[in-house]
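Hi,

Here is the structure I promised to pass on. My notes follow below it.

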Amino acid sequence: MNQKLLKLENLLRFHTICRQLHSLSQRRLFAWQKHGFSPAYPLWTEQLCAQPRQTNLFVGASLCQHRLFVTNKEKRPSRSQSSSIKPKRNVEVWVGMTVEELARAMAKDIDYIYEALLNTAVDIDSLEANSHLDEVWIKEVIKKAGMKLRWTKLKQEKVRENKDAVRRPQADPALLTPRFPVVTIMGHVDHGKTTLLDKLRKTQVAAMEVGGITQHIGAFLVSLPSGEKITFLDTPGHAAFSAMRARGAQVTDIVVLVVAADDGVMKQTVESIQHAQEAQVPIVLAINKCDKADADPERVKKELLAYDVVCEDYGGDVQAVHVSALTGDNLTALAEATIALSEMLELKADPTGPVEGTVIEAFTDKGRGPVTTAIIQRGTLRKGSILVAGKSWAKVRLMFDENGKTLNEAYPSMPVGIIGWRDLPSAGDEILEVESEPRAREVVEWRKIEQKEEKGKDDLKIIEEQRKEHQEAHRKAREKYGSLHWRKRSYMKYLERKEQRPLKPKEKAEKDSNVLSIIIKGDVDGSVEAILNLLDTYDASHECELELVHFGLGDISENDVNFAETFDGVIYGFNVDAGKAIQQSAAQKGVKIKLHKIIYHLIEDLQEELSSRLPHRLEEFPIGEACILATFSVTEGKRKVPVAGCRVQKGQLEKQKKFKLIRNGHVIWKGSLTSLKHHKDDVSVIKTGMDCGLILDEEKVEFKVGDEVVCYEENEVPAKTSWDPGF
């Protein structure tokens, strides 16, 4: 269109020039007529020249109209284009958004995002729709799309209503009534805790414990001759049950710290003190075994000073009672000291309203299903109450005391066994009473969703860390190959793929033999927890990997056997049984089932199983020793061979065995002999006190007087795992 306009403008200029020439010719003609001259051209030319003026006027007007029309026509598209140009679109982005989320925010498809990242350092092949993008790549895509970005916080989902069950606000002091104390007995293993409790309640708990070791937390209500009552918690003293002891300290009012007068402060004694101090629970010191001849109670009191346990004899506030759990001496004084301390604490509780408590222990009974031992802390528990603990709920069908006697009600500070749980809660879970079964289901469902969301957040963090590691590895790989010729790069990648080839059957069998898969089944939640805590201390993965496939409560089932068969593992049972049919099935499938009742034996068995998977090691067994008294050389052909003159001092030298040369305590050579002679005779054995000459299979080794020659043999011996569980 511009070219047409240019042509018309040129035509207009041409006509303008013509008009100017016409005007000039007219002026000349008038001048000639005025002076009496006649034109040199005929009259018809004048007529011809008169016509262009009219024509020019017409053409000029037409051109003006045409120019105006063309100009308006040219301007109209430009106005429409300017009106179609819109301001850049704002795109809301946030940190960690995925490819799919970015495409949705930009109103584009996912392929557009891939195309925008083609010529960048991003590995397109590894990108998925749910892959998270770094900030720099989000900015790059927005920039290429000609859009503006606006950073926003991660979009939060609609906040769900909190449907969890929580403890009630503190009760009105006027409603509180006195309660008896909850006392935890703590101390080192075999310091007499259970025997002490046995004397207090006149039962034979210690005799019933397997191996004399308390494996669970026992909760007992003891009635004293004075009419006072005390709830005792007997916690295990073994190192494996540290978590169980910690839970005992969290629900208790007073800690009775038992220390043997002959042993003094031990490792678990210190841990018990730490648990009590962290829970801010007062301590009563019971110095046990004072009937022994080597008992030294004063030494115990002095040792405890280092751990901020100051007895009254040394100006502190900790009562110390010298007792003998075996003979029962001074136990009444210990009970009175505990009651006196509880009176000073003024222990009270609200016996009205919904129940609040804590799960002390949980286990599965064959005939009664999931069972818990709990301490009631508020309210009164009755049959038919609806309880929630952790992610389980119960309608109380039956309650019983430590002796199995059925109870109708359980008040604050009472230990009680509860039957009616739908699932097994965990030891340490908080027990809360709710108004109905639908409410209990709602609480449990809400807690499960919360746990799932928390797990999702944790998984997202792990994925993000792995993604960054992958990107960093990819960046290093690009830097590694970036400067190489394509032939060299291809060759190096071929070598890497070759290293990552699938394992051959023999190699796979060797690798699998270096992995021990185990399944743990226990009778109660606390026992399984203690075993798992011990497994967490395993630090010999370089020798043999330890893989925990499954753990749970109850007797060993067919499902456990199937698990063990799939993973070629071993089943360890702690205080549980395996039926005859289960054992036969395991034998047919080649699965080992190992049952134990003492945690020491279970861990020792596991150590032996780990050691059996280690390759045998070669161990040297000396046969004879000789000392070099002289050195000389003999000629064999054209070469001289060094010879050592020796005398056997211990055992005998056998030519067919292996030898080593020791100088100043360091081995400088190992190998075999090529010649062993007694005088001039070749012999195969030289005994103690005899002289000999020997030649090594390596001529470069130089002998020196005083060197020691040792004859030995190598035998394969089973290796032993280096894992030390701490006892």
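Predicted model: local features only at pLDDT ≥ 70, side-chain atom pairs only at ≥ 80, totals over all residues.

Buried here means under 20% relative accessible area, exposed means over 50%, and partly exposed is in between (1.4 Å probe, protein chains only). By that rule Tyr 538 and Trp 723 are both buried.

Residues are numbered from 1 along each chain as its sequence is written, and side-chain values use heavy atoms, with hydrogens and water left out.

Back to the rings. Rings of Phe, Tyr and Trp (its six-membered ring) pair if their centres lie within 6.5 Å; planes under 30 degrees apart are stacked, over 60 edge-to-face, and the rest tilted. That gives 2 aromatic pairs. Tyr 538 and Trp 723 have ring centres 5.4 Å apart and planes at 75 degrees, so they are edge-to-face. The other pair, Phe 563 and Phe 567, is stacked, with 6.4 Å between centres and 20 degrees between planes.

Both Phe residues lie in helix 16, 4 residues apart, about one turn (helices are DSSP runs of H or I, at least four residues; strands are E, at least two; both are numbered from the N terminus). Phe 563 is partly exposed at 29% relative accessible area, and Phe 567 is partly exposed too, at 37%. Asp 560, Val 561 and Ala 564 of helix 16 are buried, on the other hand. Just after the helix, Asp 568 has a positive phi of about 55 degrees.

Cheers
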